[in-house]
Amino acid sequence: MSQPLQNDLYLRALNREETSRTPVWVMRQAGRYLPEYLKVRKQAGDFMTLCSTPDLACEVTLQPLDRFNLDAAILFSDILTIPDAMGLGLHFETGEGPKFSNPVRTRADVEKLPIPDPMDSLRYVMDAVSTIRRELNGRVPLIGFSGSPWTLATYMIEGGGSKDFSKVKGMLFSDPESLHMLLDKTAQSVISYLNAQVESGAQSLMIFDTWGGVLSPENYREFSLRYMQQIVDGLKRESDGRKVPVVLFTKNGGQWLDIMADTGCDGLGVDWTTNLADARIKTGDRVALQGNLDPSVLYGSPEVIKHHVQKVLDSYGPGPGHVFNLGHGIHQFVNPEHLGVMVEAVRELSTR
Ligand code: CP3
(Lines give C-alpha, C1' and ligand atoms only; values in the text may rest on other atoms or scores of the structure.)
Protein backbone atom coordinates (compact mmCIF):
# COMPACT_ATOMS: atom_id res chain seq x y z
CA MET A 1 0.00 0.00 0.00
CA SER A 2 1.43 3.38 -0.95
CA GLN A 3 1.34 6.28 1.50
CA PRO A 4 -1.00 9.18 0.68
CA LEU A 5 0.88 12.24 -0.59
CA GLN A 6 1.67 14.86 2.05
CA ASN A 7 2.54 17.47 -0.58
CA ASP A 8 0.73 17.27 -3.91
CA LEU A 9 1.24 20.89 -5.04
CA TYR A 10 3.23 19.73 -8.05
CA LEU A 11 0.51 17.38 -9.32
CA ARG A 12 -2.20 19.94 -8.63
CA ALA A 13 -0.37 22.71 -10.50
CA LEU A 14 0.11 20.40 -13.51
CA ASN A 15 -3.65 19.81 -13.47
CA ARG A 16 -4.09 23.59 -13.40
CA GLU A 17 -5.81 23.42 -10.01
CA GLU A 18 -5.49 26.27 -7.48
CA THR A 19 -2.54 25.92 -5.09
CA SER A 20 -1.55 27.89 -1.97
CA ARG A 21 1.80 28.74 -3.62
CA THR A 22 3.82 27.89 -6.73
CA PRO A 23 5.52 24.48 -6.48
CA VAL A 24 9.22 24.27 -7.35
CA TRP A 25 11.75 21.66 -8.40
CA VAL A 26 14.88 21.86 -10.53
CA MET A 27 16.14 19.91 -13.54
CA ARG A 28 19.32 18.02 -12.54
CA GLN A 29 18.56 18.74 -8.89
CA ALA A 30 20.60 15.67 -7.99
CA GLY A 31 24.01 16.19 -9.53
CA ARG A 32 27.55 17.41 -9.47
CA TYR A 33 26.91 20.80 -7.85
CA LEU A 34 26.19 18.90 -4.59
CA PRO A 35 29.28 17.72 -2.64
CA GLU A 36 27.23 14.87 -1.13
CA TYR A 37 26.44 13.68 -4.71
CA LEU A 38 30.13 13.66 -5.65
CA LYS A 39 30.86 11.58 -2.58
CA VAL A 40 28.31 8.89 -3.48
CA ARG A 41 29.39 8.87 -7.13
CA LYS A 42 32.98 8.31 -6.00
CA GLN A 43 31.80 5.47 -3.78
CA ALA A 44 29.91 3.95 -6.74
CA GLY A 45 32.99 4.26 -8.96
CA ASP A 46 31.22 5.67 -12.00
CA PHE A 47 27.97 7.25 -13.14
CA MET A 48 26.35 4.13 -14.68
CA THR A 49 27.06 2.05 -11.58
CA LEU A 50 25.35 4.79 -9.59
CA CYS A 51 22.31 4.62 -11.92
CA SER A 52 22.14 0.84 -11.82
CA THR A 53 22.44 0.41 -8.05
CA PRO A 54 18.90 1.14 -6.77
CA ASP A 55 19.94 1.99 -3.18
CA LEU A 56 22.54 4.50 -4.39
CA ALA A 57 20.22 5.96 -7.05
CA CYS A 58 17.64 6.37 -4.29
CA GLU A 59 20.15 8.01 -1.96
CA VAL A 60 21.16 10.67 -4.51
CA THR A 61 17.53 11.26 -5.55
CA LEU A 62 16.73 12.20 -1.95
CA GLN A 63 19.84 14.35 -1.34
CA PRO A 64 18.43 17.59 -2.81
CA LEU A 65 15.13 17.05 -0.95
CA ASP A 66 16.97 16.78 2.36
CA ARG A 67 18.73 20.09 1.69
CA PHE A 68 16.00 22.17 0.04
CA ASN A 69 12.21 22.59 0.28
CA LEU A 70 11.50 21.03 -3.12
CA ASP A 71 8.02 19.95 -4.18
CA ALA A 72 8.97 16.98 -6.37
CA ALA A 73 11.62 14.27 -6.62
CA ILE A 74 13.00 13.15 -9.98
CA LEU A 75 14.26 9.64 -10.55
CA PHE A 76 18.05 9.57 -10.64
CA SER A 77 18.91 7.96 -13.97
CA ASP A 78 19.68 9.10 -17.50
CA ILE A 79 17.88 9.38 -20.83
CA LEU A 80 20.57 7.18 -22.44
CA THR A 81 19.55 4.01 -20.57
CA ILE A 82 17.28 3.01 -23.48
CA PRO A 83 19.95 3.11 -26.21
CA ASP A 84 22.27 1.29 -23.81
CA ALA A 85 19.64 -1.43 -23.36
CA MET A 86 19.38 -1.62 -27.18
CA GLY A 87 23.03 -2.69 -27.23
CA LEU A 88 24.83 0.56 -28.10
CA GLY A 89 27.33 0.29 -25.24
CA LEU A 90 27.02 3.51 -23.22
CA HIS A 91 30.05 4.81 -21.37
CA PHE A 92 31.08 8.12 -19.91
CA GLU A 93 34.55 9.43 -20.55
CA THR A 94 35.60 11.90 -17.87
CA GLY A 95 35.11 15.47 -18.98
CA GLU A 96 33.72 14.38 -22.35
CA GLY A 97 30.14 13.37 -21.67
CA PRO A 98 28.36 10.25 -22.94
CA LYS A 99 29.73 8.02 -25.71
CA PHE A 100 28.38 4.93 -27.51
CA SER A 101 30.74 2.12 -28.61
CA ASN A 102 28.22 0.94 -31.25
CA PRO A 103 26.54 3.97 -32.82
CA VAL A 104 23.73 3.55 -35.37
CA ARG A 105 24.90 4.47 -38.86
CA THR A 106 23.12 2.29 -41.44
CA ARG A 107 19.73 0.82 -42.26
CA ALA A 108 21.03 -2.58 -41.14
CA ASP A 109 22.04 -1.08 -37.76
CA VAL A 110 18.49 0.25 -37.33
CA GLU A 111 16.87 -3.03 -38.39
CA LYS A 112 18.76 -5.10 -35.85
CA LEU A 113 17.91 -2.86 -32.85
CA PRO A 114 15.70 -4.61 -30.30
CA ILE A 115 12.83 -2.93 -28.44
CA PRO A 116 14.01 -3.50 -24.86
CA ASP A 117 11.75 -5.22 -22.34
CA PRO A 118 11.76 -2.73 -19.43
CA MET A 119 11.38 -5.53 -16.88
CA ASP A 120 14.49 -7.24 -18.25
CA SER A 121 17.37 -5.05 -19.47
CA LEU A 122 15.97 -1.92 -17.77
CA ARG A 123 14.89 -3.67 -14.62
CA TYR A 124 17.46 -1.67 -12.59
CA VAL A 125 15.56 1.54 -13.42
CA MET A 126 12.25 0.06 -12.28
CA ASP A 127 13.91 -1.17 -9.07
CA ALA A 128 15.24 2.36 -8.48
CA VAL A 129 11.73 3.82 -9.03
CA SER A 130 10.09 1.45 -6.55
CA THR A 131 12.88 1.92 -3.98
CA ILE A 132 12.63 5.73 -4.23
CA ARG A 133 8.82 5.63 -4.00
CA ARG A 134 9.08 3.54 -0.84
CA GLU A 135 11.70 5.79 0.75
CA LEU A 136 9.84 8.99 -0.17
CA ASN A 137 6.99 7.62 1.91
CA GLY A 138 4.57 10.20 0.48
CA ARG A 139 6.75 13.30 1.05
CA VAL A 140 6.44 14.62 -2.52
CA PRO A 141 5.53 13.08 -5.89
CA LEU A 142 8.12 11.17 -7.93
CA ILE A 143 8.78 12.21 -11.53
CA GLY A 144 9.80 9.52 -14.04
CA PHE A 145 11.33 10.51 -17.38
CA SER A 146 12.82 9.59 -20.72
CA GLY A 147 14.37 11.36 -23.69
CA SER A 148 12.31 12.12 -26.79
CA PRO A 149 12.90 9.79 -29.74
CA TRP A 150 14.58 12.60 -31.72
CA THR A 151 16.92 13.48 -28.84
CA LEU A 152 17.79 9.82 -28.25
CA ALA A 153 18.37 9.34 -31.99
CA THR A 154 20.83 12.26 -32.06
CA TYR A 155 23.01 10.51 -29.44
CA MET A 156 22.55 7.08 -31.05
CA ILE A 157 23.61 8.26 -34.52
CA GLU A 158 26.28 10.80 -33.51
CA GLY A 159 27.72 8.29 -31.02
CA GLY A 160 27.68 10.94 -28.28
CA GLY A 161 27.18 14.66 -27.92
CA SER A 162 27.46 16.88 -30.99
CA LYS A 163 27.72 20.53 -31.98
CA ASP A 164 26.51 20.42 -35.57
CA PHE A 165 24.47 17.16 -35.66
CA SER A 166 26.01 16.36 -39.04
CA LYS A 167 25.47 12.59 -38.88
CA VAL A 168 21.86 12.58 -37.68
CA LYS A 169 20.93 15.42 -40.03
CA GLY A 170 22.85 13.66 -42.76
CA MET A 171 20.56 10.65 -42.31
CA LEU A 172 17.51 12.93 -42.13
CA PHE A 173 18.24 14.34 -45.58
CA SER A 174 19.79 11.30 -47.27
CA ASP A 175 17.82 8.37 -45.82
CA PRO A 176 14.73 9.68 -43.97
CA GLU A 177 13.05 6.26 -44.08
CA SER A 178 15.75 4.67 -41.95
CA LEU A 179 15.58 7.57 -39.52
CA HIS A 180 11.80 7.16 -39.27
CA MET A 181 12.27 3.46 -38.55
CA LEU A 182 14.73 4.33 -35.77
CA LEU A 183 12.40 6.98 -34.32
CA ASP A 184 9.45 4.59 -34.38
CA LYS A 185 11.40 1.82 -32.63
CA THR A 186 12.64 4.33 -30.08
CA ALA A 187 9.11 5.68 -29.48
CA GLN A 188 7.83 2.14 -28.89
CA SER A 189 10.69 1.56 -26.45
CA VAL A 190 9.97 4.84 -24.62
CA ILE A 191 6.26 3.97 -24.28
CA SER A 192 6.89 0.62 -22.61
CA TYR A 193 9.72 2.10 -20.51
CA LEU A 194 7.58 4.98 -19.18
CA ASN A 195 4.54 2.78 -18.60
CA ALA A 196 6.76 0.43 -16.59
CA GLN A 197 8.01 3.42 -14.56
CA VAL A 198 4.38 4.31 -13.77
CA GLU A 199 3.67 0.72 -12.76
CA SER A 200 6.74 0.83 -10.52
CA GLY A 201 5.59 4.04 -8.82
CA ALA A 202 6.31 7.15 -10.94
CA GLN A 203 3.52 9.71 -10.36
CA SER A 204 4.27 12.11 -13.20
CA LEU A 205 6.31 11.84 -16.42
CA MET A 206 8.59 14.20 -18.27
CA ILE A 207 9.95 13.84 -21.80
CA PHE A 208 13.23 15.67 -22.46
CA ASP A 209 13.56 16.83 -26.06
CA THR A 210 16.88 18.57 -25.54
CA TRP A 211 17.71 18.76 -29.27
CA GLY A 212 14.33 19.36 -30.96
CA GLY A 213 15.27 23.04 -31.19
CA VAL A 214 17.96 22.39 -33.79
CA LEU A 215 15.34 21.39 -36.39
CA SER A 216 13.48 23.54 -38.92
CA PRO A 217 9.77 24.00 -38.15
CA GLU A 218 8.76 21.46 -40.78
CA ASN A 219 11.33 18.90 -39.62
CA TYR A 220 10.44 19.49 -35.98
CA ARG A 221 6.89 18.34 -36.70
CA GLU A 222 7.96 15.37 -38.78
CA PHE A 223 10.93 14.06 -36.80
CA SER A 224 10.38 15.16 -33.20
CA LEU A 225 6.82 16.20 -32.37
CA ARG A 226 5.21 13.33 -34.27
CA TYR A 227 7.00 10.77 -32.11
CA MET A 228 6.26 12.62 -28.87
CA GLN A 229 2.61 12.51 -29.96
CA GLN A 230 2.93 8.73 -30.43
CA ILE A 231 4.27 8.52 -26.86
CA VAL A 232 1.55 10.74 -25.33
CA ASP A 233 -1.06 8.55 -27.06
CA GLY A 234 0.54 5.34 -25.76
CA LEU A 235 1.05 6.26 -22.10
CA LYS A 236 -0.90 5.10 -19.08
CA ARG A 237 -2.34 8.38 -17.85
CA GLU A 238 -3.73 7.17 -14.53
CA SER A 239 -2.37 5.14 -11.65
CA ASP A 240 -3.63 4.39 -8.13
CA GLY A 241 -6.80 6.34 -9.00
CA ARG A 242 -4.86 9.51 -9.73
CA LYS A 243 -3.95 11.21 -13.01
CA VAL A 244 -0.30 10.84 -14.08
CA PRO A 245 0.50 14.20 -15.71
CA VAL A 246 2.84 14.27 -18.70
CA VAL A 247 5.19 17.20 -19.40
CA LEU A 248 6.98 17.76 -22.73
CA PHE A 249 10.10 19.90 -22.86
CA THR A 250 11.70 20.95 -26.14
CA LYS A 251 14.73 23.09 -25.36
CA ASN A 252 14.62 26.15 -27.64
CA GLY A 253 11.10 25.13 -28.67
CA GLY A 254 9.28 28.33 -27.66
CA GLN A 255 7.90 28.86 -31.15
CA TRP A 256 6.19 25.45 -31.06
CA LEU A 257 4.45 25.58 -27.69
CA ASP A 258 1.01 25.73 -29.38
CA ILE A 259 1.49 22.56 -31.43
CA MET A 260 3.13 20.85 -28.47
CA ALA A 261 0.01 21.61 -26.39
CA ASP A 262 -2.08 20.05 -29.18
CA THR A 263 -0.55 16.63 -28.34
CA GLY A 264 -2.82 16.40 -25.30
CA CYS A 265 0.02 16.58 -22.76
CA ASP A 266 -0.64 18.22 -19.38
CA GLY A 267 2.31 20.57 -19.14
CA LEU A 268 5.15 22.09 -21.14
CA GLY A 269 8.66 22.92 -20.04
CA VAL A 270 9.72 26.41 -21.12
CA ASP A 271 13.30 27.64 -21.32
CA TRP A 272 14.35 31.23 -20.53
CA THR A 273 14.34 32.38 -24.16
CA THR A 274 10.52 32.54 -24.05
CA ASN A 275 8.54 34.81 -21.75
CA LEU A 276 5.95 32.90 -19.70
CA ALA A 277 3.22 35.49 -20.42
CA ASP A 278 3.77 34.94 -24.15
CA ALA A 279 3.79 31.17 -23.58
CA ARG A 280 0.40 31.39 -21.85
CA ILE A 281 -1.04 33.31 -24.78
CA LYS A 282 0.45 30.89 -27.28
CA THR A 283 -0.96 27.83 -25.50
CA GLY A 284 -4.28 29.50 -24.63
CA ASP A 285 -3.87 28.34 -21.02
CA ARG A 286 -4.70 24.79 -22.11
CA VAL A 287 -1.65 23.31 -20.35
CA ALA A 288 0.47 24.02 -17.27
CA LEU A 289 3.87 25.66 -17.78
CA GLN A 290 7.11 24.68 -16.08
CA GLY A 291 10.08 27.04 -15.93
CA ASN A 292 11.89 29.23 -16.70
CA LEU A 293 14.67 30.95 -14.75
CA ASP A 294 17.96 31.17 -16.66
CA PRO A 295 20.23 28.68 -14.79
CA SER A 296 23.04 31.27 -14.90
CA VAL A 297 21.04 33.56 -12.58
CA LEU A 298 22.26 31.24 -9.79
CA TYR A 299 25.75 32.68 -10.30
CA GLY A 300 24.35 36.03 -9.09
CA SER A 301 24.06 37.28 -5.49
CA PRO A 302 21.07 36.34 -3.28
CA GLU A 303 19.52 39.75 -4.08
CA VAL A 304 19.90 39.20 -7.81
CA ILE A 305 18.41 35.70 -7.51
CA LYS A 306 15.36 36.98 -5.58
CA HIS A 307 14.83 39.76 -8.11
CA HIS A 308 14.81 37.30 -11.02
CA VAL A 309 12.56 34.83 -9.19
CA GLN A 310 10.05 37.67 -8.78
CA LYS A 311 10.32 38.48 -12.48
CA VAL A 312 9.56 34.88 -13.47
CA LEU A 313 6.57 34.77 -11.10
CA ASP A 314 5.32 38.11 -12.47
CA SER A 315 5.75 36.97 -16.06
CA TYR A 316 3.47 33.99 -15.40
CA GLY A 317 1.03 36.28 -13.62
CA PRO A 318 -2.13 35.29 -11.74
CA GLY A 319 -3.99 32.02 -11.99
CA PRO A 320 -3.09 28.35 -11.58
CA GLY A 321 -0.86 26.18 -13.73
CA HIS A 322 2.71 27.32 -12.99
CA VAL A 323 5.49 25.03 -11.78
CA PHE A 324 8.67 26.98 -11.01
CA ASN A 325 11.88 25.49 -12.44
CA LEU A 326 15.06 26.54 -14.17
CA GLY A 327 14.87 26.80 -17.95
CA HIS A 328 17.38 23.91 -18.21
CA GLY A 329 19.51 21.86 -15.83
CA ILE A 330 21.38 23.44 -12.92
CA HIS A 331 25.06 24.07 -13.74
CA GLN A 332 27.80 22.03 -12.15
CA PHE A 333 29.68 24.97 -10.58
CA VAL A 334 26.74 26.71 -8.89
CA ASN A 335 26.98 27.29 -5.14
CA PRO A 336 24.31 24.97 -3.66
CA GLU A 337 23.30 27.69 -1.17
CA HIS A 338 22.18 29.80 -4.09
CA LEU A 339 19.67 27.14 -5.05
CA GLY A 340 18.38 27.35 -1.47
CA VAL A 341 17.92 31.10 -1.91
CA MET A 342 15.93 30.50 -5.10
CA VAL A 343 13.68 27.83 -3.55
CA GLU A 344 12.91 29.96 -0.47
CA ALA A 345 12.24 33.00 -2.67
CA VAL A 346 9.71 31.03 -4.73
CA ARG A 347 7.94 29.87 -1.56
CA GLU A 348 7.81 33.35 -0.03
CA LEU A 349 7.05 35.41 -3.09
CA SER A 350 4.38 33.12 -4.52
CA THR A 351 2.36 32.47 -1.35
CA ARG A 352 -1.21 33.51 -2.03
O1 CP3 B 1 17.35 15.82 -13.05
C2 CP3 B 1 17.83 14.97 -12.27
O3 CP3 B 1 18.34 15.26 -11.16
C4 CP3 B 1 17.65 13.52 -12.64
C5 CP3 B 1 18.74 12.90 -13.31
C6 CP3 B 1 19.05 13.19 -14.77
C7 CP3 B 1 20.36 13.04 -15.27
N8 CP3 B 1 20.34 13.18 -16.62
C9 CP3 B 1 21.54 12.73 -14.43
C10 CP3 B 1 22.88 12.95 -14.99
C11 CP3 B 1 18.24 13.52 -15.86
C12 CP3 B 1 16.76 13.86 -15.89
C13 CP3 B 1 19.06 13.50 -17.02
C14 CP3 B 1 18.54 13.73 -18.38
C15 CP3 B 1 19.48 13.87 -19.50
N16 CP3 B 1 20.65 13.17 -19.72
C17 CP3 B 1 19.26 14.70 -20.61
C18 CP3 B 1 18.04 15.56 -20.86
C19 CP3 B 1 18.02 16.79 -20.04
C20 CP3 B 1 19.05 17.81 -20.44
O21 CP3 B 1 19.94 18.07 -19.62
O22 CP3 B 1 18.93 18.36 -21.54
C23 CP3 B 1 20.35 14.54 -21.49
C24 CP3 B 1 20.58 15.25 -22.81
C25 CP3 B 1 21.22 13.55 -20.91
C26 CP3 B 1 22.46 12.99 -21.50
C27 CP3 B 1 23.62 13.19 -20.62
N28 CP3 B 1 23.83 12.52 -19.43
C29 CP3 B 1 24.69 14.10 -20.79
C30 CP3 B 1 24.84 15.05 -21.96
C31 CP3 B 1 25.54 13.94 -19.69
C32 CP3 B 1 26.84 14.64 -19.43
C33 CP3 B 1 26.50 15.91 -18.72
C34 CP3 B 1 27.73 16.78 -18.52
O35 CP3 B 1 27.45 17.98 -18.31
O36 CP3 B 1 28.85 16.29 -18.54
C37 CP3 B 1 24.98 12.99 -18.84
C38 CP3 B 1 25.50 12.54 -17.53
C39 CP3 B 1 24.67 12.87 -16.34
N40 CP3 B 1 23.34 12.58 -16.23
C41 CP3 B 1 25.10 13.45 -15.11
C42 CP3 B 1 24.00 13.48 -14.25
C43 CP3 B 1 23.95 13.94 -12.82
C44 CP3 B 1 26.53 13.85 -14.78
C45 CP3 B 1 27.24 12.58 -14.51
C46 CP3 B 1 28.39 12.71 -13.57
O47 CP3 B 1 28.17 12.53 -12.35
O48 CP3 B 1 29.50 12.92 -14.04
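Helix 10 supplies the largest share of the lining of the second largest pocket, three residues. This is a predicted model: local features need pLDDT of at least 70, side-chain atom pairs count only at pLDDT 80 or more, and totals for chains, interfaces and linings use all residues. Residues are numbered from 1 along each chain as its sequence is written, and side-chain values use heavy atoms, with hydrogens and water left out. Helices (H or I, at least four residues) and strands (E, at least two) are DSSP runs, numbered from the N terminus.

**Second largest pocket**

- This pocket holds about 230 Å³ of space. A pocket is an open set of points on a 1 Å grid over the protein atoms alone, where a 1.4 Å probe fits, with protein on both sides within 12 Å along at least five of seven lines. A volume is the space filled by probe spheres set on the points, which are joined across faces, edges and corners.
- The second largest pocket has 17 lining residues, and R133, Q203, S239, D240 and R242 lie nearest its centre. Lining residues have an atom within 4 Å of a point.
- Helix 10 (176–200) and strand 7 (242–243) are the elements that give two or more residues to this lining.
- Six lining residues of the second largest pocket are nonpolar, six polar and five charged. Ala, Val, Leu, Ile, Met, Phe, Trp, Tyr, Cys and Pro count as nonpolar, Asp, Glu, Lys and Arg as charged, and the others, Gly among them, as polar.

**Largest pocket**

- The largest pocket holds about 1,400 Å³ of space. It is lined by 40 residues, with R28, R32, D78, F92 and P98 the closest to its centre.
- Helix 2 (35–44), helix 3 (47–51), strand 2 (90–93) and strand 3 (97–100) are the elements that give two or more residues to the lining of the largest pocket. Strand 2 gives the most, with three residues.
- The lining of the largest pocket has 19 nonpolar, 14 polar and seven charged residues.

**Helix packing**

- Helix 5 (residues 81–88) and helix 10 have axes that come within 10 Å and cross at roughly 115°. Axes are lines fitted to C-alpha atoms, for helices over the stretch in contact, and angles run from 0 to 180 degrees between N-to-C directions.
- Helix 5 passes helix 10 in a right-handed crossing. A crossing is right-handed if the near helix is turned clockwise from the far one by less than a right angle, and left-handed if anticlockwise.
- T81, I82 and M86 of helix 5 meet K185, T186, S189, V190 and Y193 of helix 10. Contact means heavy atoms within 4.5 Å.
- Helix 4 (residues 54–67) packs on helix 7 (residues 123–136) at about 45°, with axes 8 Å apart. The two helices are therefore oblique to each other. Angles under 35 degrees count as roughly parallel, over 145 as roughly antiparallel, 65 to 115 as roughly perpendicular and the rest as oblique.
- Helix 8 (residues 149–158) and helix 9 (residues 166–174) pack at about 110°, with axes 8 Å apart. Helix 8 and helix 9 are therefore roughly perpendicular.

**Backbone points**

- The peptide bond from G291 to N292 is cis, with omega near -5°. N292 is found in strand 10 (residues 288–293).
- R16 has a phi near 60°, a positive value in a residue other than glycine. R16 lies in the loop between helix 1 (9–14) and helix 2.
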